[in-house]
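Please look over the sequence and the model shown here, and then follow the text from one element to the next.

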Amino acid sequence: MTDRIAAAERTIRERWPDVRLLTDEPMSRHTSFRIGGPAPLLIIPSGPESLESVCRLMDGLELRPLLIGNGSDLLVEDRPLSFPVIQTHSGNEAARLLPGGRIEAGCGITLARLACFARDCGLTGLEFAHGIPGTLGGALFMNAGAYGGEMIQVTEQTSVYADGSVFTLSGDEHGFGYRKSRFSEQGGVALSSVLRLSPGDPEAIGSTMEELASRRRASQPLEYPSAGSTFKRPAGAYAAALIDQCGLKGWSCGGARVSEKHAGFVISDGTAGFDDVMAVMDHVREVVLRETGFSLEPEVRIIRASGPAPV
Ligand SMILES: Cc1cc2nc3c(=O)[nH]c(=O)nc-3n(C[C@H](O)[C@H](O)[C@H](O)COP(=O)(O)OP(=O)(O)OC[C@H]3O[C@@H](n4cnc5c(N)ncnc54)[C@H](O)[C@@H]3O)c2cc1C
């Protein structure tokens, strides 16, 4: 552990005993791919103020931590990481109903829980998000979407920490595009958001969520570790269709392979390492480019152990 990371650990223990700290914590325990080397320090703030304080401390010590939500879009190198990790999922999970069909929620709430909260409030608009295994913060970063819905459609305002200040983003200021946002382009930590939804019948909302879940189960290899769709959709085509067309379903390296059920997913058999997944991704990109002329860009966030960590 470097001196500055050790100083961060000391300061947090002294000032904020409610913040959980884990040292040499394998990231494989915090990613849906079950891959990733140990973080020297994994910090789990206890709530929004705690998250903000930890971010300020990191800035003061000139440390660039990796921020993670549920780790469901990450491929982390399986060597010791050179930077601390802040996990938002275990704190920051509060949600409350505001007037006018709006919900305010902390960045660590899972989309499943948020969608159920909206249903219970009789609000429609988040059904699409129910089956996405991430947090609100991770979904804002990616402008996560499924079955015709995307975060851009429901996000009204977000409270953000960046460079020592807290400010509010509204509407277009989120910079949402296809699987991108102001966060993916400029950094910053989404602390909480206000989502605008519409009145709906809880039973109908629940049925839609169930129907989308069964479509997911039928088409996606949910029984294997993965980070969801490995590649973004290139303009004018679908990554999965291109990969299938190139005969790459089942192509493997070590414990990683292209799913036979959904060619858009690279999955692990539980033993895959970072290099196995990268080898499969590289091969897929090379063959698809050669055979179809489409260049596939990773959707999964690739985190190298040597940092500095992407914020
Ligand atoms: C089986 C499976 C199915 C999936 N299906 C879909 C799908 O249908 N649609 C889809 O869009 N995605 C899907 N995904 C991918 C993933 O679940 C989403 O991208 C999700 O939004 C990631 O959220 P997370 O909390 O897990 O983020 P993480 O993976 O933890 O982090 C992703 C990025 O977000 C950043 N981040 C996290 N929290 C914050 C915050 N508070 N402020 C700023 N940045 C933050 C991180 O630094 C990181 O760069 C799927 C993944 C799996 C494993």
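Helix 2 (residues 48-60) lies across strand 7 (102-106), strand 11, strand 12 and strand 13, and runs at about 145 degrees to strand 13; contact here means that the C-beta atoms of two residues, placed from the backbone, lie within 7 Å, while axes are lines fitted to C-alpha atoms, for helices over the stretch in contact, with angles from 0 to 180 degrees between N-to-C directions. Helices (H or I, at least four residues) and strands (E, at least two) are DSSP runs numbered from the N terminus. This is a predicted model, in which local features need pLDDT of at least 70, side-chain atom pairs count only at pLDDT 80 or more, and totals for chains, interfaces and linings use all residues. Residues are numbered from 1 along each chain as its sequence is written.

An open sheet of 5 strands has the order 6-7-13-11-12 with antiparallel pairing, where two strands pair if DSSP finds at least two bridges between them. Its edge strands, each pairing on one side only, are strand 6 (95-98) and strand 12 (165-170), and neighbouring strands of this sheet are turned by 20 degrees against each other on average, direction ignored. Strand 11 (residues 155-162) pairs with strand 12 in the antiparallel sense over 6 bridges, and Tyr 161 has Val 166 in strand 12 as its bridge partner.

Turning to the ligand, 33 residues surround it, the closest being Gly 69, Gly 134, Gly 137, Gly 138 and Gly 228; a residue counts as near if its C-beta atom, placed from the backbone, lies within 6 Å. Helix 4 gives the largest share of this shell, 5 residues.
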